[in-house]
Amino acid sequence: MRKFSLFLMILAAASLFASELHAQNNPVYFPYVVNDGNTVTELLFTNATSRDASLRLTGYREDGTAVAGPVLVVPGNAQAVVSSFSGLSGWVLAESSVPGVLGNVRVRSADGAAQDIAEPAQPSTTIILPFVAQTGGASTEISIVNPSPYFTRVSLEVRNAGGTAVATVDRQVPPFGSFR
């Protein structure tokens with residue numbers, strides 16, 4: 001009975017440790033981050049939990065080179081705005097110590113004349129964008145990100161309203177790389 005109790009205590013301790021390891025990697029992906037003379041990108045975080053959340057941000061250039069970002073704490077039931085990563089043209093991975101931290105991205109022109117707010121991306125092998133536009137000075141920019149440490153091949157096909165393919169791209173993306 002004593003061995004069984006010890007086994008249960010070890011199992012319980014291991015499961016607590018494993019859940020803490022799992023909680024350390026709650027990713028939020030921002031596939032479009034550009035901070036240059038024309039564009040400003042701000043990352044918005046909402047901690048919808050009652051626990052303080054430690055966030056570690058890492059930026060990646062289009063070639064996959066990592067750019068160290070800030071580490072910040074977002075108190076429970078609070079929000080934070082991050083406007084770091086000056087000069088970055090790429091993407092950002094935010095990792096939270098607790099589940100329940102939500103992200104949004106605000107992209108605006110440097111002069112403030114234009115602004116857009118969007119949700120972060122979710123990884124998938126197939127993504128369908130139901131509407132893209134390129135008329136009257138407005139256009140849709142598509143950012144493809146490889147959030148893995150391995151090379152990957154991406155096929156992208158853009159179709160018009162009638163279903164006819166108007167553009168096709170087949171490209172290899174380096175580890176943690178991206179392209180637009």
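Before I show the surface, let me say that a patch here is built from residues with over 30% relative accessible area and no salt bridge, with nonpolar side chains joined within 5 Å. Please keep in mind throughout that this is a predicted model.

With that in hand, the patch I would point you to is a nonpolar one of about 270 Å², made by Ile 127, Leu 129 and Val 132. Val 132 sits in the loop between strand 8, residues 115–118, and strand 9, residues 134–135. Its relative accessible area is 36%, and because that value lies between the 20% and 50% limits, Val 132 counts as partly exposed.

Now to the protein as a whole, which has one helix and 14 strands, and in which buried residues make up 30% of the 180 residues. The protein exposes about 11500 Å², of which carbon and sulfur atoms supply 57%. Among contacts with a separation of 6 or more, 67% are between residues 24 or more positions apart.

Let me finish with strand 2, residues 39–47, where eight of the nine residues are buried, so the strand is largely enclosed by the rest of the structure. Which strands does strand 2 pair with? With strand 7, residues 101–109, strand 2 pairs in the antiparallel sense over nine bridges, and there Phe 45 stands opposite Gly 103. Strand 2 also runs antiparallel to strand 5, residues 78–82, the two being joined by five bridges, and in that pairing Asn 47 stands opposite Ala 78.

How values were computed:
Residues numbered from 1 in each chain as written. Predicted model: local features only at pLDDT ≥ 70, side-chain atom pairs only at ≥ 80, totals over all residues. Heavy atoms only, no water. Helix = DSSP H or I, 4+ residues; strand = E, 2+ residues; numbered from the N terminus. Buried < 20%, exposed > 50% of the residue type's maximum accessible area, 1.4 Å probe, protein only. Contact = heavy atoms within 4.5 Å. Areas by Shrake-Rupley, 256 points an atom, 1.4 Å probe, with all protein chains shown as cover. Patch = residues over 30% accessible without salt bridge, like charges linked within 9 Å, V, L, I, M, F, W, Y side chains within 5 Å. Salt bridge = Lys/Arg side-chain N within 4 Å of Asp/Glu carboxyl O. Pairing = 2+ DSSP bridges.
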